[in-house]
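Have the structure open while you read.

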Amino acid sequence: MTLFHHGSLRPKGVRRLSAVIVAGVMALASVLVAPRPAVADTPWLSVSDDGYVSFTVPAAYIEANMGQVSQVMVEGNFGPSSAWAEYGLTRRGDTWSGALGPLKPGLYSYQLTGDDTKSLKDPTNGTTVASKPLWSTFLVSGDSARLLADVPEGQGGKVETLTYRTKKEERSALVWTPAGYSARGGKPYPVLFLQSGTDRSATDWFDLGRARQILDNLSAQGAMEPMVVVITDGRGPDDDKDLKDLRKAVGDAYRVHRDREHQAIAGVSEGGSQALRAALTGPGQFAYAGSFSGLLTNGVDRVKANATNRNLKLVRLYTGNVTDPAYNATVRLTKALKHAGVRYEFDGVNPDAGANWTAWQENLIDFVPRLFHKVANHGPSAGHGQLKGEFTPPPAGTTPTPFVSEGGFVTFETTTDFKDAKHVTVWANDAPGGSWLRVPMSRDGDRWRVTVGPLDPWFYYYQWIVDRVSVKDASNPTKVTSEPNWSSFFIPGERSRLLSDVPAGQGGKVESLTYRSTVANADRTALVWTPPGYDAKRAEPYPVLYLQHGSGQSYTDWVEMGRAKQILDHESLDGKLVPMVVVMGNGNVSDFNKELLDNIVPAARAHYNVSSDPSRQALAGLSMGGVQTLGVLKAYPGEFAYVAAFSAWFGDGTGVDVAAINKGTTMLRLYVGDQTDFVQPFFMSSLTTMKDLGIRYEFDGVTPGPHGWDVWQKNLIDLAPRLFKR
């Protein structure tokens, strides 16, 4: 069984059971496909209460709208820091399907693309993004996203379109008025001008920024002053000249204050830059200004600092993490403001988002309640960090990749071999739980580069996809024998401590064991880990664990991918393990039972001081190796007192000697990934079968993660200390 989870596209040569693997990659370019009626009204997308997202797309619809395609990708803001990424679906029968998660609460957008160039909207999802006709959205609910949810019908504000003229043309803006707003009578309202970035539409603030829901919820909770909010398209510096016309039009059409004390301006990206220019280079127009990932390269005038401070009640800066292009500019701007003596507030570095709507939604939620009244808290948002200087990865071509920076940010860089490529992605296990996502890289001279993160401390593996071809990162010396195009890297931290190397000379040893296979009729190899202080002449033989790999893998994978040596070394030094020998054999044979019992086990006993007592023998395996393990249990009950299977299934109970299994098995422990592990339904069915048969087993619940090494490493970490202690 391969390491890949349910719903991923897999590299060439990797198999899941006997299925032929779909290969290829999503390219950046796409063409708009006119959608035909959906094959069925059944939604393609489902979202569970705990944040898992499943896609089930009828193959007939894909063929009708795209023709024959070899791959279908879901593109969306699923990547680290809510970056745009590509997630591959798998063809199974008459559907393309996949599962991803758990996703953090929030709003997600996506589209479907086949064979790199054919994109379409999900016709079963009624949500729309006016500026992106192929996009749909969905909301993962949760406490942290409660302000993004719709308020009860009739309790929210209203959104209208305001048409106004500038010197050049007729333009329009969207205007939100709070519940209870009346154009006649009463006091005028303060007004916030909310700008969009260049090449972004005013509608994006509603379709992607959830501005209406945010304002409705804040208003309903009494968390903001009643105000009118005016949202415009982003057109760059031209908006500075048009702003005067817009303010006049709003004053003429709505019951709002016209004075500086009751007017605020904020915006995203270039819209944030416009807000800063309006506040800092033309004091007197607005008393409040907010910049969400905005840039300001000049205009901070020390001479005018006193006037600026008198006129401005609030200048608040927001930036995402180092993946936000405004991050370095914010570092420079804070220094310039401090040097000039201009008062400002900084919301802190958002650790989990870059320059995207996930961050800007949070910015709006923080900014609006600060307007038009005094507030006590002027510090950063909870969980936000300090600016620590500009982020500057090493110059191109000066270091092997990937380059791991503080905080878990990883910069990938290709060689110059792909300078003429059209689309390059890095495909890695950096999605929730360890699922695989492809993050597009950007051209940087004659190389391609991208910074991804923050990634949690752990062990990661990846490959390039260059114009639909899988390629190894030639700058990374790590290798995976069974997957020549894969490379790996490690992010240190307490979470990943057991996957790190122990100090030199303190761990166990890994050696190659050559044995004759009567099944394969050839010499074969196993890897053997012996514990620190292993004594080949010890009077009492060591207990032994036979540890198997999955389909499409080999005996090297538990060391190269599973970090078995590191896990066993640490747990041994931590005093958690009974000193044991671990044998990792080659399970790619037609008759595994014979290979194990007639070839691998005798070779291990001949070359190592290991026990032949069933009570001192253990057998475990992942996926295919787990199925093989359970097959041995059924065929030879009692041969191994300790048995464990990772992401596998038992099969039916025909001919099973339940009494012999229960009598001869000290521990039968079972593991499986979450619903992104495609084996889970078979596994759960097996539990029912085993329970009905009366077989005693242990199962402590699912291991978070997909059908992959992120899960199986955790399984070995849990299993090894339990062996040979009963």
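E390 is partly exposed at 40% relative accessibility, where buried means under 20% relative accessible area, exposed over 50% and partly exposed in between (1.4 Å probe, protein chains only). Bear in mind that this is a predicted model, in which local features need pLDDT of at least 70 and side-chain atom pairs count only at pLDDT 80 or more, while totals for chains, interfaces and linings use all residues. Residues are numbered from 1 along each chain as its sequence is written, and side-chain values use heavy atoms, with hydrogens and water left out.

**E390 and its partner**
- E390 makes a salt bridge (a side-chain nitrogen of Lys or Arg within 4 Å of a carboxyl oxygen of Asp or Glu) with R332, and the closest N and O atoms are 2.9 Å apart.
- E390 sits in the loop between α8 (357-367) and β19 (403-405) and R332 in helix α7 (residues 326-340), so the pair ties together parts that are 58 residues apart in sequence. Helices (H or I, at least four residues) and strands (E, at least two) are DSSP runs, numbered from the N terminus.
- R332 is partly exposed too, with a relative accessible area of 45%.

**Other salt bridges**
- The whole structure holds 31 salt bridges.
- R468 pairs with D116, with 2.8 Å between the closest N and O atoms.
- R468 is in the loop between β25 (458-466) and β26 (469-471), and D116 is in the loop between β8 (106-114) and β9 (118-120), so this pair links parts 352 residues apart in sequence.
- Which of these two is buried? D116 is, at 2% relative accessible area, whereas R468 is partly exposed at 46%.
- R616 and E540 also form a salt bridge, at 3.4 Å from N to O.
- Here R616 belongs to the loop between α11 (592-607) and β32 (617-622) and E540 to the loop between β29 (522-530) and β30 (544-548), so parts 76 residues apart in sequence are tied together.
- E540 is partly exposed, with a relative accessible area of 46%.
- There's a network as well: salt bridges link R669, E698, D700, D718, R722 and R726.

**Helix α12**
- Helix α12 (residues 624-635) has 12 residues and spans 16 Å from first C-alpha to last, close to the 16 Å expected at 1.5 Å a residue; that expected span is 1.5 Å times one less than the number of residues.
- Its buried residues are M624, G625, G626, Q628, T629, L630, V632 and L633.
- The cover over the buried residues of α12 includes β30, α11, β32, β33 (642-646), α13 (658-664) and β34 (667-671), with contact meaning heavy atoms within 4.5 Å.
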